[in-house]
Amino acid sequence: MSKSKKLVVGNWKMNPLTYKEAEDLYLSIWDGVGKCKNVNVAITVPLVFLRGLSLIKKSNVSLGAQDCFPGEIGPFTGAVSVRMIKELGVQFVIIGHSERRAMGDSDQLINEKIKSALLNNLKVVVCVGESIRDESGDYLNFIKNQLITDLSKVKRNLLKNLMVAYEPVWAIGKDALRPAVPEDAVEVAIFIKKVISEIFGRAVGIKVPVIYGGSVDPKNCGNYLHDGVINGFLVGRASLSSEKFLEIIKITDEI
Ligand code: PEP
């Protein structure tokens, strides 16, 4: 994955049901991606499918995990470590998705996961975003606090492998209120870069890619890209349809 290109990440979540369906979907996405010039494409799939799909290994669609546990091995029932994910030949991992946070991931645990993944040379997409958008602007403080804890004591030289996904929780999934208004998403993307500049310096802040996630579809995706601030998308539902996902990739590639 080259960093200056835009990035479109599909998050399949706990879908599809069978390996056969996962392979068919992966292959039809790979088939349609062709040679995108301006966009890197990745999909994060359920862990049980990762081994099989990584053996197929299509170079223009990267594979990623949807979560990880810090470290290597140990007494952590049900957990899969960063090192184990690395063993699968996977290049990156999503950390801090709001659905993991709702299952109990604290910012402190997210911080441990990020440090462990970056130390093991995985690319990390860390998700941040507010549950409620209040008129007084408190949501910006909420996002700032998430970033401060999530990125605490992360080594500066590892930040080249960090990407941030702005995912307002109210805009995600089938119960979403609505997608974020593009101007609002751009405003928060600039804010995220500013906070990262404050923590790690301007050189890091301006370079860190910020992508948007929340009810992205082929109809709305182009509207987020015109200012050149948002560097791509994290796509949930629409990544389960190869037609819709490929259309999003095509539009992103062309803008
Ligand atoms: C997500 O859960 O990360 C997401 C963006 O979902 P959706 O696109 O379905 O809103």
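In α6, the residues Tyr-139, Leu-140, Ile-143, Gln-146, Leu-147 and Asp-150 are buried. They lie on the same side of α6, because the arc they cover around the axis is only 120 degrees. The model described here is a predicted one, and every value given below is computed from it.

Helix α6 itself runs over residues 138-150 and has 13 residues; from its first C-alpha to its last it reaches 18 Å, which is close to the 18 Å expected at 1.5 Å a residue. The cover over the buried residues of α6 is drawn from several elements, including the helices α4 (98-102), α5 (107-119) and α7 (182-200), together with the strands β5 (123-128) and β6 (162-166).

Leu-151 is placed in the loop between α6 and β6. Is Leu-151 buried or exposed? With a relative accessible area of 2%, Leu-151 is buried, because buried means under 20% relative accessible area. Leaving aside the neighbours of Leu-151 within four places in sequence, the residues in contact with Leu-151 are Asn-111, Ile-114, Leu-162, Ile-196 and Phe-200. For one of these, Ile-114, the C-alpha atom is separated from that of Leu-151 by 7.5 Å, although the two residues are 37 residues apart along the chain.

Glu-112, by contrast, is located in helix α5 and is partly exposed, with a relative accessible area of 39%. Glu-112 and Ile-148 are 36 residues apart in sequence, and their C-alpha atoms are 13 Å apart in space.

### The ligand and its polar contacts

Turning to the ligand, 13 residues surround it, and the closest are Lys-13, His-97, Gly-173, Ser-215 and Arg-237.

| Residue | Polar atom | Distance to an oxygen atom of the ligand |
|---|---|---|
| Lys-13 | side-chain | 2.4 Å |
| Arg-237 | side-chain | 2.6 Å |
| Gly-236 | backbone | 2.9 Å |

Taken alone, the ligand exposes 290 Å², and the protein buries 100% of that area. For Lys-13 and Arg-237, which both belong to the closest residues around the ligand, the polar atom in question is in the side chain, at 2.4 Å for Lys-13 and at 2.6 Å for Arg-237, whereas for Gly-236 the polar atom is a backbone atom, at 2.9 Å from an oxygen atom of the ligand.

Terms used:
Residues are numbered from 1 along each chain as its sequence is written. This is a predicted model: local features need pLDDT of at least 70, side-chain atom pairs count only at pLDDT 80 or more; totals for chains, interfaces and linings use all residues. Side-chain values use heavy atoms; hydrogens and water are left out. Helices (H or I, at least four residues) and strands (E, at least two) are DSSP runs, numbered from the N terminus. The expected span of a helix is 1.5 Å times one less than its number of residues. Buried means under 20% relative accessible area, exposed over 50%, partly exposed in between (1.4 Å probe, protein chains only). The arc is that of the directions from the helix axis to the C-beta atoms. Contact means heavy atoms within 4.5 Å. A residue is near a molecule or strand if one of its heavy atoms lies within 4 Å of it. A polar contact is a pair of N or O atoms within 3.5 Å; within protein, one must be able to donate a hydrogen and the other to accept it, and residues adjacent in sequence count only if both atoms are side-chain atoms. Accessible areas come from the Shrake-Rupley method with a 1.4 Å probe; for residues, only the protein chains shown count as cover.
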